[in-house]
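Student: Please take one part of this and look at it closely with me. Tell me how the pieces sit together, step by step.

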Amino acid sequence: MPVDVLIVDDSAAIRKILQRVLAQANLGVGKVYEAADGREAMDAVKQQPVGLILSDINMPNMDGLQFLGELRSHDQWKHVPVLMISTEGSQTKVMEAVQLGAQGFVRKPFTADQIKEKLAGIL
Amino acid sequence: MPQELDQARMIAAIRHATGDVFSTMLGVEITSGEPYRQPCRPEPANGVIGLIGLTGKWTGTGSVTCTGDLARKISGQFLMSEFSSVDQEVLDAMGEITNMIIGNVKNALEEEAGPMGMSIPMVVFGHNFMAGTTHSTDWVVVPFACDGERLEVKACLSPQPDKPARRRPGCAPEG
């Protein structure tokens, strides 16, 4: 069964690139939704269940770590896999993301193969 | 605390981050030129500038500047599209490229400068504009040659003075 995906990034360019990577990945991805920050992402998951989330960290309004914390505080989204894709590469941020329940972390700049490899491990 | 970060380390971080972003995300190899220092005094500029603020024990700004034509070409390569003008998509792409370059410079400098936060990138396109900061530290500028044009990555960071503990009005100091 195809997995619907939510991409969360304040850059429309990165959302477009990730859409393309998902389309080429051949990983059984269904519909792809987009959100420009954590707040929009919370609204999106409330409206439409998704089976995978790709999220940036550094975003306005609600950043990726706040979004992850908020997501995990609700039972229905506790186990939705989240892959963080961010420029933030400090050990502190990576650890924080993992402690909040991120399934993986990819640092920008990334190659399509790095994303596909991580997704293959998650899905 | 020193008044400046190690300049050689900063130049190496800018070169590595810029080369990495261009080769990984754009499939383009760019050539680094001779770095130099530039006074923080703003001068008239043309083209596209992406700016990001950095905060922590060291605060400052990182920027990426190029002509509008080069910004169109870079964004086209980044998004596998063609752009006939500098539009919202080009500004967004340049913002993300600035974010990746300066973000990775920040990551490389954190060993010396400590943890730093980053602002959301801001991108300006125009003619005869000036972009300045309130810092007195010189910019470290690393020029690059890309598709026969010039792109510059700059950073300036100065130590944030320790703030004395705030005392509530009317309270006598302890002790």
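**Strands and their neighbours**

Tutor: Start with helix H1(A): H1(A) lies across strand S1 (3-8), S2 and strand S3 (52-55) of chain A. Relative to S2(A), H1(A) runs at about 175 degrees. Angles go from 0 to 180 degrees between N-to-C directions, with axes fitted to C-alpha atoms, for helices over the stretch in contact. Helices (H or I, at least four residues) and strands (E, at least two) are DSSP runs, numbered from the N terminus.

This is a predicted model: local features need pLDDT of at least 70, side-chain atom pairs need 80 or more, and totals for chains, interfaces and linings use all residues. Residues are numbered from 1 along each chain as its sequence is written, while chains are lettered from A and ligands numbered from 1 in the order written.

Now take H5(A), residues 112-122. This helix also packs on the sheet and touches S3, S4 and S5 of chain A. The direction of H5(A) makes about 180 degrees with that of S5(A). Contact means C-beta atoms, placed from the backbone, within 7 Å.

What order do the strands take in this open sheet of chain A? There are 5 strands, in the order S2-S1-S3-S4-S5, and the pairing is parallel. Strands pair if DSSP finds at least two bridges between them. S2 (29-35) and S5 of chain A are at the edges with a single partner strand each, so one side of each has no neighbour in the sheet. From one strand to the next, the twist averages 20 degrees.

S5(A) covers residues 104-107, and S4(A) covers residues 82-86. These two strands are joined by 4 bridges in the parallel sense. Opposite Leu83(A) stands Gly104(A) of S5(A).

S7(B) has several partners. S1(B), residues 31-32, pairs with S7(B) in the antiparallel sense over 2 bridges. There, Thr31(B) has Ala145(B) as its bridge partner. S2(B), residues 36-38, is also antiparallel to S7(B), over 3 bridges. In that pair, Tyr36(B) is opposite Val141(B). S8(B), residues 149-159, is joined to S7(B) by 7 bridges and runs antiparallel. Val141(B) turns up again here: its bridge partner in S8(B) is Lys154(B). The hairpin of S7(B) and S8(B) has 2 residues between the strands. In this hairpin, Asp147(B) takes a positive phi near 55 degrees.

Finish with two helices of chain B. H1(B) (residues 7-26) and H3(B) (residues 88-113) pack at about 145 degrees, with axes 9 Å apart. Residues in this contact include Met10(B), Ala13(B) and Ala17(B) of H1(B). From H3(B), Ile97(B), Met100(B) and Leu109(B) are among them.

How values were computed
Contact = placed C-beta atoms within 7 Å.
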